[in-house]
Structure formats: structure tokens, C-alpha cells
Amino acid sequence: MQGPAIRMTLLAGLLMALFAGSLAIGPVWIPPGRAVAALLPGRWTGAGAEFPDKTIITELRLPRALLATATGMALGMAGAALQGLFRNPLADPYVVGASGGAAFGATVAILSGWGFGVAGLASVPLAAFSGALGAVVLAYVLAEASGGLPTQALLLVGAALSTLLSALVAGLLLLQDRAHLEVFGWLVGGFSGRSWPALNTIVPVMFLGAVVLSAVHHAMDALALGEETARSLGLSLERLRGGVVVGSSLLTAGAVAAGGIIGFVGLMAPHMARYTFPAAHRWVLPASGLTGALIMLLADDVGRVAVAPAEVPAGILTAVLGAPFFLYLLKTRGGPGHVS
């Protein structure tokens, strides 16, 4: 199909253009041409001092832009997969409890002052990642033991678990004698102060999650026709659910470990992708990833310049965009049903 392939190429080109613009934006404006040239090997010539530009780009803006891109891609793909699994247009990456688990893990690490790390990953991202995966595993086990319809049970258990963990986070903060800005910054989500170490450890996890989802995308297309149809085609719904939950949870856990709690990207990106791409998941998954990256980069860029020299965390801006989007979906397409 040439049409979707061309649109995918154009979407990737738009992302590359926005990425180049992200390298230029900041307290010090660097023209996009010079920003890209700073990434080339060797010394380059042009107006201004080359070495400060190269340091700003390579040590600060490049890893931040890459991290925002990877996080947006992860949330977009996870959202598309979960909407397909639940066949519900309102599903997003946090419905299985990953958000609450990550928040709880990060809060415990920050308030306790833990200083450990594993494989270069600092204690707070590591605790967030562990909390997210632990919550998802618990939600899956509880859903399987409920005796109800596994897919809907997972949705309900995940929502309940997220609520419980959010309450525990609030309780931990109330027990402290002073406010913890680091916890607040983590809960609103953003990329300020994050650099190469976070990127080097999170991206492999995100890549693994994307591989898992890519392996089950044909089965997800069959599931869209209904569970009975999928079973008649010889598909194991248990294996499919497990693959989607594992893949989307790895993506979501990596995203929250990288940028904190950033909502609505995984809700918006798949719907935007489905407006211009076929319903088949071989198109929807990558298109949702690219769209999620665009949303995240744009939110991070606007947040850096809107109230300069201060910053608005990306998670606040995605919430400003996502909440009306959610209400629109709730009014026009709310409730269980097939994702179109």
C-alpha cells in the first residue's frame, strides 16, 4: 500500500524537522542549521563561538530531545496496543496500573534518600521502573484470579490499583515534615535535568517492548474482529493478552522511568494516527509512536519557552491538551466498543 507508506514517510520527516527545531530552542537560541552542524564530526565554522554551541547541543539538548522522542514513541505505541486489546477508545497506557506503581516507587526512593543504582540507572528511575512493572504483574494476577472476563477484569483491577497507589503516595507525602519538590516534579512529568545516562538505560527497555508488540500485531488485528472470531482462527487469547500487556508495560515503565508521570499522550496519539492510517496494527503501531513523539517534543519545546527562563513541565501541557480530548472522546465514543 503506497498511500500509507508515503504518509508514514511524511510523518517521519515532520518529526525530524521538529527534532532539529528542538535542538535550537532554549535559553540560548541556536539557529537550526548551526545546531545540526554541531553534531557533525570535527570542528565547523560559522558565526559565533563553535565550542559552546557544540557543548550545549551534545550534552544538554540532544539527549533531552532524544529522551522526549523515545518517551512519546513508547507511550503512543503502548496506547495503540492497549486500545486494541481492550477494544475501548478510552484506554491508555496507565489503565493497567503502571502509572500508580511508578509514582509509588519513585516517591519511596526520593523520600527514603536511597542512593543505589543498577547498570547506570539511578535509584529514582529504577524504583519507578520496578514499581510500574510490579503493579502491572499484580494487576494481571488479580485479574486472572477474579474469574470474570480477563480483559475487562484487568481494566478494572488496574484502575483500582492505580487509585490505591496514588492514595499511598499522598499518605507518604503527608507524613513528611516538608514539601518535596522532587516528588512533585516527578509526578507532573518532564525532562528537565535528564541526560545521557537516563537515555542509555531506558531506550533498550523501550526497544524490547516495541519488539514484543510487533510480534503480536497480526493477532491484534484478528482480535479487533471479536474474541470468538480470534479463537476460531486458532489464536490463543491468553498468549495475546500476555504479549500486549508485557510489551505495553515495558514501554510504559520505561517512559515513566525516563520522564515521570506524563498522561494522555498514549490516549491522543493512537486516535490521531487512525485518522490518516489504515486500522491494521502494522500501520497503527508505528504511526502512533511517531505521533506520540511529535506530541511529546512539541510539549517539551513549548514548555521551555512559554515562561522562560522558567519551564513548564511537559506533563502539565499534555494534560491541558489531553483532558479536553478525553472529554470529547467520552461524549462521542465513550464506553466499551471496537476501536475504529
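Let's start at the surface. Y275 is exposed, with a relative accessible area of 60%. Exposed means over 50% relative accessible area, buried means under 20%, and partly exposed lies in between, with a 1.4 Å probe and protein chains only. Y275 is found in helix α12. Helices here are DSSP runs of H or I, at least four residues, numbered from the N terminus.

A word on the model. This is a predicted model, where local features need pLDDT of at least 70 and side-chain atom pairs count only at pLDDT 80 or more, while totals for chains, interfaces and linings use all residues. Residues are numbered from 1 along each chain as its sequence is written, and side-chain values use heavy atoms, with hydrogens and water left out.

Stay in α12, residues 265–276, for H271. H271 is buried, because its relative accessible area is 3%. Its side chain reaches the backbone oxygen of P89 at 2.7 Å. That is a polar contact: a pair of N or O atoms within 3.5 Å, where within protein one must be able to donate a hydrogen and the other to accept it, and residues adjacent in sequence count only if both atoms are side-chain atoms. H271 and P89 are 182 residues apart along the chain, yet their C-alpha atoms are separated by 8.0 Å.

Next, T318, in helix α14, residues 314–333. T318 is buried, with a relative accessible area of 0%. Its side chain reaches the backbone oxygen of G315 at 3.0 Å. What is T318 in contact with, leaving aside its neighbours within four places in sequence? I262, G263, F264, V265, M268 and A299. Contact means heavy atoms within 4.5 Å.

Now the charges. The whole structure has 4 salt bridges. A salt bridge is a side-chain nitrogen of Lys or Arg within 4 Å of a carboxyl oxygen of Asp or Glu. R64 and D300 form one, at 2.9 Å, N to O. R64 lies in helix α3 and D300 in helix α13, so the pair ties together parts 236 residues apart in sequence. Both R64 and D300 are buried.

D300 also meets R304 in a salt bridge, at 3.8 Å. Those two lie in α13, 4 residues apart, about one turn of the helix. R304 forms another with D301, the closest N and O atoms being 2.8 Å apart. R304 counts as buried, at 9% relative accessibility, and D301 does at 4%. A network of salt bridges links R64, D300, D301, R304 and E311.
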